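Please look over the sequence and structure below before reading on.

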Amino acid sequence: MTTAGGPIRRVSAWNIANYLTVLRIALVPVFGWFLLAHDGQSEPHRWVAFGIFTVAMITDRIDGDLARSRGLVTDFGKVVDPIADKLLVTMALVGLSTIALVPWWITVLILVREWGVTAVRFWVIRHGVMAAGRGGKLKTMLQAMALGLYILPLDLLPLASVTTVIAFVLLLAALVVTAVTGVDYVIDALRLRQTSERSAMKRARRAGQGGS
C-alpha cells in the first residue's frame, strides 16, 4: 500500500517493545509468589519481590521508549502495555492488603478505576485506541514509588516510621491522581466516540437514509 509520500510501513506486533510488555505480564505471578511467601513475613522473599517489581517497572519505561524511538508503536502495544501495568499494580495492591500493609479501601478504589478505564478502552476500541497520556504516566510513577516502598520490609530498615509515612503519602497522592485521570479518560472516551471516523460515517449514512 502506498500514499503520495511513499509506502506505508506496517509495524509487526512481534517486536522487542512488545516482547518486554509480555515479559512484564509473565513476571506478575512470580512477583506475587515472592511477596506473599510465608504470609509476607520473610525478609529475603520481600527483597526478591522488590527486585522483580523494580525490573518490571523498568521494562515498562524501556518498552515505551523503544517503541517510540524505533517506530515500533502498534495497536497491540497500546492495548496490552496498560493491561500489563494494571496486572502488576493489582497483584501488588491485593498482596499488600492481604498482608495488612495497605488499607483495603485504597486498593478497591484504585483497582475500580484501573480496570474501569480498561473497560472504557475496550468500549471505544472500534473508534480508536486510547494511548496513555501524561497524567497516566504520573499516576504510574506515583504508584510505583509508593508500592515499591511498601514491598520493602520497612520495619527492618533505618527510619522505618519515617519511610512508612512517606510511602503512605505517596500512595494517597497516587490515589488522587488515579481518580482524576480516570475521569479524564472517560471524558476522552466519550469525545472519541463522537468525533471518530466511524461515528462520522454512521452519521453520514443516517443522513443519507433520511434524505432518501
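## Confidence

This is a predicted model. The protein has an average pLDDT of 81, and 78% of the residues reach at least 70. Among its elements, helix H1 (residues 16–36) has the highest mean pLDDT, at 91, while strand S1 (residues 2–3) has the lowest, at 40.

The pLDDT stays below 50 over residues 1–8. Beyond near neighbours in sequence, this stretch makes 6 contacts in the model. Where pLDDT is low, predicted coordinates should not be read in detail.

## Helix H4

Helix H4 covers residues 104–123, 20 residues in total. From its first C-alpha to its last it reaches 28 Å, close to the 28 Å expected at 1.5 Å a residue. Its buried residues are Ile106, Thr107, Ile110, Leu111, Arg113, Glu114, Val117, Thr118, Val120 and Arg121.

Thr107 is part of helix H4. Thr107 counts as buried because its relative accessible area is 2%, and the cut-off for buried is under 20%. Leaving out residues up to four places away in sequence, Thr107 touches Leu93, Val94, Ser97 and Val102.

## Second largest pocket

The second largest pocket holds about 220 Å³ of space. It is lined by 14 residues, of which Arg46, Leu101, Pro153, Leu154 and Asp155 are the closest to its centre. By class, the lining of the second largest pocket comprises 7 nonpolar, 4 polar and 3 charged residues.

Terms used. Residues are numbered from 1 along each chain as its sequence is written. This is a predicted model: local features need pLDDT of at least 70, side-chain atom pairs count only at pLDDT 80 or more; totals for chains, interfaces and linings use all residues. Side-chain values use heavy atoms; hydrogens and water are left out. On a 1 Å grid over the protein atoms alone, a cavity is a set of points where a 1.4 Å probe fits but cannot get out, and a pocket is an open set with protein on both sides within 12 Å along at least five of seven lines; lining residues have an atom within 4 Å of a point. Grid points are joined across faces, edges and corners, and a volume is the space filled by probe spheres set on the points. Ala, Val, Leu, Ile, Met, Phe, Trp, Tyr, Cys and Pro count as nonpolar, Asp, Glu, Lys and Arg as charged, and the others, Gly among them, as polar. Helices (H or I, at least four residues) and strands (E, at least two) are DSSP runs, numbered from the N terminus. The expected span of a helix is 1.5 Å times one less than its number of residues. Buried means under 20% relative accessible area, exposed over 50%, partly exposed in between (1.4 Å probe, protein chains only). pLDDT is the predictor's confidence in each residue, from 0 to 100. Contact means heavy atoms within 4.5 Å.
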